[in-house]
Amino acid sequence: MDLLLDTPLDMHLHLREGEMLGLVAPFSAAQFAGGVVMPNLVQPVDSLERVRAYRAAIAATCGTTGFAPYMTLFFRDYTSQDLAEVKDEIIGVKLYPAGITTQSEAGVRDFDRIGATVALLEELDIPLLVHGETGGFVMEREQEFLKVYQWLAETFPRLRLVMEHITTAAAIEFLDRFDQVAATVTLHHLLITLDDIAGGLLRQDIFCKPIAKTPRDRDALRQAVLAGHPRLMFGSDSAPHPRHKKERLGCAAGVFSAPVALPALAELFVEAGCAEHLPAFVSANARSFYRIEPPAKTVRLEPIAWRVPDRYGEVTPFLAGKTIGWGVKAPHPSQF
């Protein structure tokens with residue numbers, strides 16, 4: 001039996017820029033009605049002018065596919081006028097701790113100084129999206145950052161706060177304490193653990209940040225997602241890197257999952273006997289939390305096996321070479 005998804009959304013997406021934008025954006029546009037586009041470009045998207053320029057570049061690439069790019073603003077000190085001018089053209093402001101991931105050097109270095117800008121976001125009802133890691137030991141970074149999330153949730157109780165790409169059981173427990181907090185979960189963190197990355201030969205293509213954690217953490221994510229938690233949203237964190245940035249010392253962090261996102265999620269939910277919760281995870285929860293109405297778009301998935309290509313251009317996709325038992329019925333760039 002086919003699965004019909006009404007306006008599926010990817011609530012955390014890296015589309016890059018230049019030639020890479022042209023390669024990867026069509027995969028997301030083919031499967032989704034919209035996506036929350038991250039602002040950590042070489043020059044961060046931190047002004048109304050840059051928001052408009054980046055949206056125009058995405059629109060020129062995606063054409064008439066019915067894909068809405070939901071733009072974000074890179075967190076820095078903003079005035080009330082700055083934010084009021086850009087509010088209607090963004091879905092939220094994205095906060096990165098400085099240097100914590102790709103092109104985040106301009107991020108926050110002193111969390112004691114962010115309160116004034118966060119207060120403006122609360123006042124203007126602009127969601128705050130956060131990459132929640134400290135600079136501590138890699139397996140403990142998210143756990144340590146929960147103190148910051150708690151401060152934000154308690155100090156700014158009307159702020160809509162999104163914990164991005166959570167990977168731990170502790171994050172799920174935290175989510176249940178605050179009704180104004182939501183979280184995105186990736187496909188790869190539902191499928192892999194640290195052992196898949198480094199338990200044998202190192203697998204650069206699934207090295208990501210936040211790093212995949214333990215089986216207990218992965219199982220906690222799965223349980224909450226598959227049970228239909230109302231404030232968990234799908235965000236692929238699809239983050240493509242060319243081969244020369246993956247196959248080197250200082251391997252870039254990021255998993256390119258856009259080509260396989262919906263088929264692999266369908267397989268996971270169906271095999272778990274929870275297909276009825278997939279529409280909320282990939283659409284309804286996000287539409288409710290963000291109060292958005294995406295372009296009308298229905299995606300039909302069918303139980304048909306296809307092999308994931310080894311490469312798309314110079315980028316290796318997640319699950320490369322593996323067979324997925326579900327596919328998007330209408331032809332799209334992720335299936336040949």
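Visitor: What makes β4, helix α3 and β5 a β-α-β unit, and of which hand?

Guide: First, a caution: this is a predicted model. The order is strand β4, helix α3 (residues 80-86), strand β5, and the unit is right-handed. Right-handed is the word because, with the strands pointing away from the viewer, the path over the helix runs clockwise.

Visitor: How do you know that β4 and β5 pair?

Guide: Pairing needs at least two bridges. β4 and β5 (residues 92-95) have three bridges, in the parallel sense, so they count as paired. Leu-73 stands opposite Val-93 in β5.

Visitor: Which unit do β3 and β4 make, and with which helix?

Guide: β3, helix α2 (residues 48-62) and β4 form a right-handed β-α-β unit. β3 (residues 34-37) pairs with β4 in the parallel sense over four bridges. Val-36 has Tyr-70 as its bridge partner in β4.

Visitor: What makes a nonpolar core, and how many residues has the largest?

Guide: Its members are buried nonpolar residues joined through side-chain atoms within 4.5 Å. The largest has 97 residues, and Leu-128 and Leu-265 have the most contacts inside it. Helix α11 (residues 261-271) gives the most, with seven residues. A second, separate core has 18 residues, including Ala-33 and Tyr-290.

Visitor: Which residues does Leu-128 touch?

Guide: Among them are Phe-75, Val-93, Leu-95 and Arg-160, leaving out residues up to four places away in sequence.

Key:
Residues numbered from 1 in each chain as written. Predicted model: local features only at pLDDT ≥ 70, side-chain atom pairs only at ≥ 80, totals over all residues. Heavy atoms only, no water. Buried < 20%, exposed > 50% of the residue type's maximum accessible area, 1.4 Å probe, protein only. Helix = DSSP H or I, 4+ residues; strand = E, 2+ residues; numbered from the N terminus. Contact = heavy atoms within 4.5 Å.
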